[in-house]
Amino acid sequence: MIVSIIVAIAENHAIGKDNQLLWHLPGDLKHFKNTTSGHTVIMGRKTFDSVGKPLPNRRNIVITRDDALEISGAEVVNTLDAAIALCDPDEEVFIVGGAQIYNMAMAITDKIYLTVVKDNFEADTFFPAIDPAIWKEESSNSYEPDEKNNIGYTISTLVRK
């Protein structure tokens, strides 16, 4: 199994505020959809709440402490280990947030699909530091602001050394 994180962060590692994204970048949203479609996505309950519904064309697993929570169109578990245990060992699974789940998953992650938005944002939620002694950049593409994306960004793929 390949465990991958997919995340968009600001230069200051900000990922959200008040359970909302900090920017709207259609190019990055398209990258997220294209990368995760047809795969399993694992997310925390707060991230699920911010999305509002199961992501289409993906198997959705939501991690929560609430034993009674049921979500139509998603599987609900209490731990990251339980979420991983539900997954096919031959597939790539995607950790899609939020901060607590990213922190828990860093130790078992094989690959990070990282979008860095070229600005700093005020936030209450941050992505953990990425240690260059552990991660190697496999590919990277930069995008300048355009008519649809008002901020420049870089999409990179990092692999564990």
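Residues are numbered from 1 along each chain as its sequence is written. In this predicted model, local features need pLDDT of at least 70 and side-chain atom pairs count only at pLDDT 80 or more, while totals for chains, interfaces and linings use all residues; side-chain values use heavy atoms, with hydrogens and water left out.

**Strand pairing**

Helices (H or I, at least four residues) and strands (E, at least two) are DSSP runs, numbered from the N terminus. Two strands pair if DSSP finds at least two bridges between them. The table lists pairs of strands with their sense and bridges.

| Strands | Sense | Bridges |
|---|---|---|
| β1 and β6 | parallel | four bridges |
| β3 (residues 40–44) and β6 | parallel | three bridges |
| β1 and β7 | parallel | seven bridges |
| β7 and β10 (residues 153–160) | antiparallel | seven bridges |

Strand β6 pairs with β1 and with β3. E92 in β6 is the bridge partner of I2, and F94 in β6 stands opposite V41. E92 and F94 point one way from β6, V93 and I95 point the other way, and all are buried (under 20% relative accessible area, with exposed over 50% and partly exposed in between, for a 1.4 Å probe and protein chains only).

Strand β7 pairs with β1 and with β10. I112 in β7 stands opposite I5, and Y113 has T157 in β10 as its bridge partner. Six of the seven residues of β7 are buried.

**Nonpolar cores**

A nonpolar core is a set of buried Ala, Val, Leu, Ile, Met, Phe, Trp, Tyr and Cys residues joined through side-chain atoms within 4.5 Å. The largest one has 25 residues, of which I5, V7, I42, I95, I112 and F127 touch the most other members. Two or more residues of this core come from each of β1 (2–10), β4 (59–63), α3, β6, α4 (99–105) and β7 (111–117). A second, separate core has twelve residues, including A8, A14, F121 and I151.

Contact means heavy atoms within 4.5 Å. Apart from neighbours within four places in sequence, V7 is in contact with I15, Y102, I112, Y113, L114, T115 and F127.

**Surroundings of C87**

C87 lies in the loop between α3 (80–85) and β6 (92–95). C87 counts as buried because its relative accessibility is 7%. Not counting residues up to four places away in sequence, C87 touches M1, T40, I42, R59, I61 and V93. C87 and I42 are 45 residues apart along the chain, and their C-alpha atoms are separated by 9.9 Å.
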